[in-house]
Amino acid sequence: MTHATGLKYLKNGCLPLMWCPGCGHGITLGNMLRAFEELDFTNENTVVVTGIGCWGKADDYLVTNALHTTHGRALAFATGVKAYNPKLNVVVLMGDGDGVTIGGNHFIHAARRNIDLTAIIVNNYNYGMTGGQVSATTPSDRRTSTTVYGNPERELDVCALAEAAGANYVARGTVYHGWDLKNLIKEGLSKKGFSLVEVVSPCPTHFGRNNNMKVAVKMLNWLKEKGVTKEKYAQLTDSQKDGYFIIGKLVDRDAPDYNTRYEEIRARAMGS
Amino acid sequence: MERETRLVQGNQAIAEGAIYAGARFYAGYPITPSSEIAEECSKLLPKVGGVYMQMEDEIASIAAMVGASLAGAKSFTATSGPGFSLMQENLGLAVMGEVPCVIINVQRAGPSTGLATKPAQSDVMQVRWGRHGDQSIIALSPATVEECFTLTVKAFNFAEKYRVPVVLAADEIVAHMRENLSYPAPGELEIVDRKKPSVSPEEYKPFLPEDDDIAPLAAYGSEYVFHVTSSMHGYDGYSNNNPANAEWRVAQLHRKIERYRDEIVMTKTFDTEDMDILLIAFGATTRAARAAALQAREMGIKAGVLQLLTIWPFPDKEIAALGPRIKTVVVPEMNYSGQVAGEVQRVLGPNIEIRRVNRYNGTIITPKDILKVINKE
């Protein structure tokens, strides 16, 4: 059996990618493209919408349709694409700063509308592109270039937010668990309604350097150790849970998506 | 075909004009005094197979509009000053990505929340210069309910023809005014659709202009696959930071509007043949200016009116052409700073007297206000 490589979606001659050594974005991109291939996505029926940040540069490497947008607003642009043409596979790539800090409002409402988009939010706990500043997902007390004495704020749980707002599918993976990540992305892409796959990913250049994990291997080991299944997580005592996070599928439900509901309403309007 | 005539509000005429022009996607956020446009669209668009969406804010509204346009829809949004301020960044994206779309800004009195239900014409410069980065914009301004309809159709035509966002800068007076509107019959007004690519999908470059300076635009989901980015890009739509490319691109974004300025700039003249004094007005203030000019003539003062239907690009040529006939110009506008008066002065030079009539308290400029200034010696 041959495995999908996803290479056919990659722009010729773009390797090596711009991302730093040890960055997880290449792994996420590779797994996303393998998922595309396994699902027979075509360049014509796929639109990749990106925001601003290191991960938001991913469209530069793709030969699918793409729309590279302003900081925090990718989901809103994607909403317009999908609402007008429900046949398209619309995939939205954002980082933690882009997707849930500046873009938090759009994230909540895209999930609430349950619009059939797949958001792949790569969470590396800081603003990598601008030099490692604190974001809404930076854990409390962690050091970044703007919280040099420790982060006084609490972190946001992206998956819990998506679940509360109404997403049909929510999963968390890491770039260490690559094969599982591909399958989670694939499941998210296949799911009708709003899907979120949060990808916990290393930024050795900034977050790692500021938090005693300057070496990329150390960051991967950290993901390997801290990313655990729901079952394992449940076995931990409250004091042990600190720093650990659940990986795998968290939410899977079948509420009608926005376009399905809109079609129903539109039929009512046309009949009136 | 016989026209149907109905008594309608300016905002309703805007919504109906948009649908007449072929608009099939609206995304917006409620704000006085533009909300009736959203309400009309929510009723009318589903009936014609279109999509109405109320978004979480104005930033998302303009973003969704751009996304829908790239998926092939004629799309638009409507707002007022505070919402228009929020839209500026993504309006810049529409300029950079050459995305056809229409933004209705029903102007109200500021600054900030200001007099939220009262009219103003104080966004003239925000419309032109409100975004970061150097760029050009087309903006139209209606003075009657009929013009709300016809200029909205024009706005879509310009957007589609030149692959640009177009702003309809209305004001609270004209938007909330009710007048008889004689509806153009289907097919009566020219409707322009964006130019589609004629090359093979492999050869298609979404940002390579043809001889007419306009690049054809495909739609997501068609056989043509394409990239659009807010960043500096080459013909193929991929990022390109080369200085020569950036220089060419920025100039091109201006050039395509400059090239067609004679088609874009629309003005109307009233009694300008034998005038001594010229009133230059736009939007609802045009109505007071015309009444004032007629009253002035009854008093023996030869006044004429130039109405600016297009406010950007500014009608330099049209104003300059009238310059030799007059010594005095009166510019009434509902703002403090004389945003249009300053432009008129720039065009006519320091030797012509520009008399300003400014109101910025949320009340309308009356013919009497203008007459007082005409009579001032």
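Student: Which scores does the model carry as a whole, and what is the mean pLDDT of chain B?
Tutor: The model is predicted, and its scores are ipTM 0.97 and pTM 0.98. In chain B, 99% of the residues reach a pLDDT of 70 or more. The mean pLDDT of chain B is 97.

Student: Among the elements of chain B, which has the lowest mean pLDDT and which the highest?
Tutor: The lowest mean, 96, belongs to β6(B). At the other end, with a mean of 99, stands β7(B).

Student: How many helices and strands does chain A have, and what is its radius of gyration?
Tutor: Chain A has 10 helices and 11 strands. For 272 residues the globule rule gives 19 Å, and the value for chain A is close to that, so the chain is as compact as a globular protein of that length. Its C-alpha trace spans about 65 × 45 × 40 Å along the principal axes. The radius of gyration of chain A is 18 Å.

Student: What is the radius of gyration of chain B, and what would a compact globule of 377 residues have?
Tutor: Chain B contains 13 helices and 16 strands, and along its principal axes the C-alpha trace spans about 70 × 45 × 45 Å. A compact globule with 377 residues would have a radius of gyration near 21 Å, and chain B agrees with this. The radius of gyration of chain B is 21 Å.

Student: Which strands stand at the edges of the open sheet of 8 strands?
Tutor: The order of this sheet is β11(A)-β7(A)-β8(A)-β4(A)-β3(A)-β1(A)-β2(A)-β10(B), with mixed pairing. Neighbouring strands are turned by 15° against each other on average, direction ignored. An edge strand pairs on one side only, and this holds for β11 (248–252) of chain A and β10 of chain B.

Student: Where does the sheet pass from chain A to chain B, and which residue is the bridge partner of A66(A)?
Tutor: Within chain A, β1 (residues 46–50) and β2(A) pair in the parallel sense over 4 bridges, with T50(A) opposite H68(A). Strand β2 (residues 65–68) of chain A is then joined to β10(B) by 3 bridges, and these two strands also run parallel. In β10(B), the bridge partner of A66(A) is H227(B).

Student: Which helix of chain A touches β11 of chain A while packing on the sheet?
Tutor: Helix α1 (residues 25–38) lies across β1, β4 and β8 of chain A, at about 160° to β4(A). Another helix touches β3, β4, β7, β8 and β11 of chain A, and its direction makes about 160° with that of β7(A). That helix is α6 (residues 178–190) of chain A.

Student: Which element gives the largest share of the side of chain B that touches chain A?
Tutor: The contact takes 36 residues from chain B and 33 residues from chain A. On the side of chain B, the elements giving two or more residues are β2, α2, β3, α3, α4 and β10. The residues of that side divide into 22 nonpolar, 9 polar and 5 charged. The largest share, 9 residues, comes from α3(B).

Student: What distance separates the centres of the two domains of chain B, and which element gives the largest share of the side of domain 1 that touches domain 2?
Tutor: Chain B is divided into domain 1 (1–264) and domain 2 (268–375), with 28 Å between their centres over C-alpha atoms. In the contact, 27 residues of domain 1 meet 21 residues of domain 2. The side of domain 1 divides into 20 nonpolar, 3 polar and 4 charged residues. Its largest share, 4 residues, comes from α5(B).

Methods: Residues are numbered from 1 along each chain as its sequence is written. Chains are lettered from A and ligands numbered from 1 in the order in which they are written. This is a predicted model: local features need pLDDT of at least 70, side-chain atom pairs count only at pLDDT 80 or more; totals for chains, interfaces and linings use all residues. Two residues are in contact if their C-beta atoms, placed from the backbone, lie within 7 Å. Ala, Val, Leu, Ile, Met, Phe, Trp, Tyr, Cys and Pro count as nonpolar, Asp, Glu, Lys and Arg as charged, and the others, Gly among them, as polar. Two strands pair if DSSP finds at least two bridges between them. Domain bounds come from an automatic or database domain assignment. pLDDT is the predictor's confidence in each residue, from 0 to 100. Axes are lines fitted to C-alpha atoms, for helices over the stretch in contact, and angles run from 0 to 180 degrees between N-to-C directions. The radius of gyration is taken over C-alpha atoms; the globule rule is 2.2 Å times the number of residues to the power 0.38.
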